[in-house]
Amino acid sequence: MNPIPLTPTQWPEGLHLACRQLRAHWPTPWPGLPHLLALCQQSLGLNTLSDPTTAALNQFAQSVAHNMEQLAAGLGPASEPAYHNRLHTADVLCVLTTMLHILKVPDADAAGKTWASALLAAAVAHDHQHPGGVNHSAQEFERASWQGVMPLAQQLPQAWREQIEAWILGTDVPTVAGNHQRVAGQSFALTADWAQVLLNEADIYISATAEFGPGLSDALAREWHRAGFAGHATVATPAGRAQFLRSVRFSSPPAQALGIAAQVQHQLQSLTPQD
């Protein structure tokens, strides 16, 4: 896979092209999360900084990516959930990288690039060893993901370990509405709260698109069926997809620049019976 040129006129198109390329290579010949992550870090100018904290964040993210590939190789691709697999992680990385380009991170100061490195690290780690299915208790899978990557994070400053943990826990679906509510009315800035929203938006962006969303709904139905969750029977139906689309939230300037809200509304119009 080659880097996708991202410009103001190519943001949505470049993102969709990257996701098509990922699917053309899934599950083989899969380039691997470390390769994709390195492309994301390189495109944002994160891999040339001498700042030790940013370097440690980049290395942590790479360690997680390598660990996920090793685990998948040991168990076999069939062991991965149909939705919460390495392809989903790759989607999230591509969306988040695009959002950070829209925010002009390649031109940002060192502090801005440190935030970007931390967000990419949270993105690659957020569904580490996801078992498939749904939580039986609040943040069950998210806590397990953090516990799985925590040994790889020992070289990070404590403040960044705690922040990445908080962002991962904040990807639990019931927390998302509150995450958006916390930034309501606030001007955008790379703060912890806005960064959480970016991660939440990147997590569901591809599922909300007209091009990839229906196929991902089918994948989620297969995953839920395998896990014995009754929602598998409805999640990929027109009514189930409409319910999902009505629940998604996009608050950030990058999400607005990508035009995802219009895609969601167009799909809802086609899925909702007209009087």
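I start with salt bridges, counted when a side-chain nitrogen of Lys or Arg is within 4 Å of a carboxyl oxygen of Asp or Glu. This is a predicted model, so local features need pLDDT of at least 70 and side-chain atom pairs count only at pLDDT 80 or more, while totals for chains, interfaces and linings use all residues. Residues are numbered from 1 along each chain as its sequence is written, and side-chain values use heavy atoms, with hydrogens and water left out.

**Salt bridges**

I find five salt bridges in the structure. I looked up Glu 211 and Arg 20, whose side chains meet in one at 2.7 Å, N to O. Glu 211 sits in the loop between helix H9 (192-208) and helix H10 (213-227) and Arg 20 in helix H1 (residues 11-24), so this pair ties together parts 191 residues apart in sequence. My helices are DSSP runs of H or I with at least four residues, numbered from the N terminus (strands would be E, at least two).

How exposed is Glu 211? Glu 211 comes out partly exposed, with a relative accessible area of 40%. Arg 20 is partly exposed, with a relative accessible area of 40%.

Next I checked Arg 23 and Asp 91, which form a salt bridge through their side chains (2.7 Å, N to O). Arg 23 belongs to helix H1 and Asp 91 to helix H4, so the pair links parts that are 68 residues apart in sequence. Arg 23 is partly exposed at 24% relative accessible area, whereas Asp 91 counts as buried at 4%.

Arg 86 and Glu 80 also pair by their side chains in a salt bridge (2.7 Å, N to O). Both Arg 86 and Glu 80 are buried. Through shared partners, salt bridges join Glu 69, Glu 80 and Arg 86 into one network.

Glu 69 brought me to H3, where it is one of the buried residues; others include Phe 60, Val 64 and Met 68. Just after H3, Gly 76 has a positive phi of about 95 degrees.

What covers the buried residues of H3? The cover includes helix H2 (33-43), helix H4 (86-102), helix H5 (110-125), helix H6 (140-149) and helix H7 (158-169). A contact here is heavy atoms within 4.5 Å.

For the nonpolar core I take buried Ala, Val, Leu, Ile, Met, Phe, Trp, Tyr and Cys residues joined through side-chain atoms within 4.5 Å. The largest one has 71 residues, and Phe 60, Leu 93, Ile 164 and Trp 167 have the most contacts inside it. H4 gives the largest share of this core, ten residues. I then listed the partners of Leu 93 beyond four places in sequence; among them are Leu 33, Leu 36, Leu 120 and Val 124.

**Cavity and pocket**

On a 1 Å grid over the protein atoms alone, a cavity is a set of points where a 1.4 Å probe fits but cannot get out; a pocket is an open set with protein on both sides within 12 Å along at least five of seven lines, and lining residues have an atom within 4 Å of a point. Points join across faces, edges and corners, and volume is the space filled by probe spheres set on them.

I get one cavity of 30 Å³ or more. Its lining includes Tyr 83, Asp 91 and Ser 207, and H9 supplies the largest share of that lining, four residues. Ser 207 lies in H9 and counts as buried at 7% relative accessibility.

The largest pocket holds about 1100 Å³. Of its 41 lining residues, Val 173, Ile 204, Leu 220, Trp 224 and Phe 244 are the closest to its centre.

I noted a cis peptide bond from Trp 26 to Pro 27, omega near 0 degrees, and another cis bond from Thr 28 to Pro 29, omega near -5 degrees. Pro 27 is in the loop between H1 and H2. Gln 129 is not a glycine, yet has a positive phi of about 55 degrees.

Terms used
Buried < 20%, exposed > 50% of the residue type's maximum accessible area, 1.4 Å probe, protein only.
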